Amino acid sequence: MSMIEFKDVEKYYGDFHALKNVNLEIDAGETVVLIGPSGSGKSTLIRTVNGLEEIQQGQLLVDGFDLHDPKTDMNKIRKNVGMVFQHFNLYNNKSAIENIMLAPRLVLKRDEAENKRIAMELLEKVGLADKAANMPSELSGGQKQRIAIARSLAMKPKALLFDEPTSALDPEMIGDVLDVMRDIAADSSMTMLVVTHEMSFAKAVADRVIFMADGQILEDSSTDSFFKNPSEPRAQKFLSQVANH
Amino acid sequence: MVTLGILSAFSGDNINYLLGGLVITVGVSVISVIISLIVGSIIGIIQFEEIPYFSSFVGTINNIIRNLPLLLIIFFVYFALPRIGIHLPIFLATVIAMSTFESAMLAEIVRGGLASIDIGQFEGARANGLNNMETMWYIILPQAYKKMIPPIISQLISLVKDTSLASGIVLAEMTYRGQIVYAQNSTYIVPVLVMLTVVYFLLNYGLSLIAKWFDKKLA
C-alpha cells in the first residue's frame, strides 16, 4: 500500500509555478531520497506532504487522507507523519527532553511515566542521554538535530520527512546525524522521504532516488540505476557537479 | 513664610488626603493593567492570526483608539455615554477609559511580539502534531511574552502617569487631590507639586527597575 501518493499535483506561489504535474508514489517502508539543484521544488514538495504548504490542483494522499480536501483534519496526518527541518525548529523554551515529551503528552495523551521512559530511550538512541535537561541554546547544531529527530520519533510515526537535515550543520556534525538517520532507515516499517545533498547517504540508504528540477520530477529510479546510469541530461550534469566537490 | 508653608502643607490631614489619592491612582492603575493585559493579548492575537475580515476589522478599531488622546476617551466615557443612558460612577468610568486605551496599546505590543517569533517555531509545533491553540499556549506565547516584558512595563509606566488625566473628570486621584490641597493656600503649591513629583517618580522608577531586571535576566 502506498503511504504517500501525488496525482497530477500543481502548486503555485502567486504566479510562480512551484510544482508542475507531480506524480509520485511512495510505499510504506520505503526510503526515498529527493535531490536536485536549489530552487527545484524539493523542499516545497516535501512540505506539501504534511500540509505545511497547500497544493492548488491534483490529489495528494498521505496515509489514506486526502490533503487537498478541506475537511481533512491536518493534525491526524501530522500525528503519523513527522518532520525534521533544516534549522531544527526545536522549541526554544523547552529542555531537550521536554521537546521530545510535549507532543506525545498533548496529542497522544501518553501516560507521563511511559512518556518519560520512551523519551529517555530515544535520547539514548541518538546518543544524547546526558543532554536531557539542556535547553536548545546550550546544544550544538548536530545535537539539536538529533534531538529534533528524537522528537519526531517519539510520536511513533509511520513516515518521517527530512528537509535538508544536514545542510545547516558544520561538517564534523553531519556524520552523527546521518548515523541516526541510517538507523531509522534500517527499520523496515518506517517510510522516509529525505531531501538532501549528501550523495553518499543517498547511495547507502535510499531504495529510490527522485531527481527534480524547475518544479518537475525528471527522474524516478532505483538508487543503483540513478547513480550508475542517470537517463536525464540534467541529472547527469547535476551528479557530475556534485561529484566534483 | 515658605518654611511655614511646607510644614502646614504637609499637615497630617493633607498627607492622609494625598495618600488616599495615591491609593486611588494605584487602584485605577492595577485594575486597568489587569484588564488591558488580558484584553490587549486577545486583540493582539486576533490581529496576528489574520482571520479574514475579523482581524482587519479589529485592527482598524484598535488603530483608531491608539491614535486618540486618552483624555478624549475619558471625556467620552464619562460625559458622552450618559447621553445614551449609560451612567458610570467616576472610578469605573476612568477604569473603562484607561483599559480601552491601554488594551489597544498593549495589543500592538503583543502583535509585534508574536511577529518576532521565528516561523520555524510554529512549523516545528505543527509538524509535531500540535493544534493552533497548543502551539500558541505552550510554544509561542511563552517566548513572545519574554520578549515583550520590557515594552509592556514601559507601557504600564505611561499608564500610571496617565491616571492623572482623570483629574479632568474630577476623579479624586492623587494629582486632583494635590490641586485641592494647594487651592487652600498658594504657599502649598511648590511643596505639594514636589511631593507629587517624588511619589510618581518612585512608583514608576520602581517599575522601570523591574523592567531593567527582566532585561538583564533575559539578555
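Predicted model: local features only at pLDDT ≥ 70, side-chain atom pairs only at ≥ 80, totals over all residues.

Me: How are helix 2 of chain B and helix 8 of chain B oriented to each other?
Reply: Helix 2, residues 12-49 of chain B, packs on helix 8, residues 174-184 of chain B, with axes 7 Å apart and an angle of about 160°. Since angles over 145 degrees count as roughly antiparallel, helix 2 of chain B and helix 8 of chain B are therefore roughly antiparallel.

Me: Is the crossing of helix 2 of chain B and helix 8 of chain B left-handed or right-handed, and how do the residues of the contact divide by class?
Reply: Helix 2 of chain B contributes B:Asn14, B:Tyr17, B:Leu18, B:Gly20, B:Gly21, B:Leu22 and B:Thr25 to the contact, while helix 8 of chain B contributes B:Met174, B:Tyr176, B:Arg177, B:Gly178 and B:Val181. The crossing of helix 2 of chain B and helix 8 of chain B is right-handed. By class, the residues of this contact are six nonpolar, five polar and one charged.

Me: How are helix 5 of chain B and helix 7 of chain B oriented to each other, and which residues of helix 7 make the contact?
Reply: The axes of helix 5, residues 90-115 of chain B, and helix 7 of chain B come within 9 Å and cross at roughly 150°. That angle makes helix 5 of chain B roughly antiparallel to helix 7 of chain B, and the crossing is right-handed. On the side of helix 5 of chain B the contact is made by B:Met98, B:Glu102, B:Met105, B:Leu106, B:Ile109, B:Val110, B:Gly113 and B:Leu114. From helix 7 of chain B come B:Ile140, B:Ala144, B:Lys147, B:Met148, B:Pro151, B:Ile152, B:Gln155, B:Leu159 and B:Asp162.

Me: How many charged residues has the contact of helix 5 of chain B with helix 7 of chain B?
Reply: The residues of helix 5 in this contact include B:Glu102, and those of helix 7 include B:Lys147 and B:Asp162. By class, the contact of helix 5 of chain B with helix 7 of chain B has 12 nonpolar residues, two polar ones and, for the class asked about, three charged.

Me: How are helix 4 of chain B and helix 5 of chain B oriented to each other?
Reply: Helix 4, residues 70-80 of chain B, and helix 5 of chain B have axes 9 Å apart and pack at an angle of about 135°. Helix 4 of chain B passes helix 5 of chain B in a right-handed crossing. An angle must be over 145 degrees to count as roughly antiparallel, and helix 4 of chain B and helix 5 of chain B are therefore oblique to each other.

Me: How do the residues of the contact of helix 4 of chain B with helix 5 of chain B divide by class?
Reply: In this contact B:Leu70, B:Ile73, B:Ile74, B:Val77 and B:Tyr78 of helix 4 of chain B meet B:Ile90, B:Ala93, B:Thr94, B:Ile96, B:Ala97, B:Thr100 and B:Phe101 of helix 5 of chain B. The residues of the contact divide into 10 nonpolar, two polar and no charged.

Me: Which element of chain B gives the most to the side that touches chain A?
Reply: In the interface, 15 residues of chain B are in contact with 20 residues of chain A. The elements giving two or more residues to this side of chain B are helix 6 (119-127) and helix 7 (132-162) of chain B. The residues on this side of chain B divide into five nonpolar, seven polar and three charged. The most, six residues, is given by helix 6 of chain B.

Me: How many helices and strands are there in chain A, and what is its radius of gyration?
Reply: Chain A holds nine helices and 10 strands. The globule rule gives 18 Å for 245 residues, and chain A comes close to that value, so chain A is as compact as a globular protein of that length, with a radius of gyration of 18 Å.

Notes: Residues numbered from 1 in each chain as written. Chains lettered and ligands numbered in written order. Contact = placed C-beta atoms within 7 Å. Helix = DSSP H or I, 4+ residues; strand = E, 2+ residues; numbered from the N terminus. Nonpolar A, V, L, I, M, F, W, Y, C, P; charged D, E, K, R; others polar. Axes fitted to C-alpha atoms, helices over the stretch in contact; angles between N-to-C directions. Parallel < 35°, antiparallel > 145°, perpendicular 65-115°, else oblique. Left-handed = near helix turned anticlockwise from the far one by under 90°. Rg over C-alpha atoms; globule rule 2.2 N^0.38 Å.
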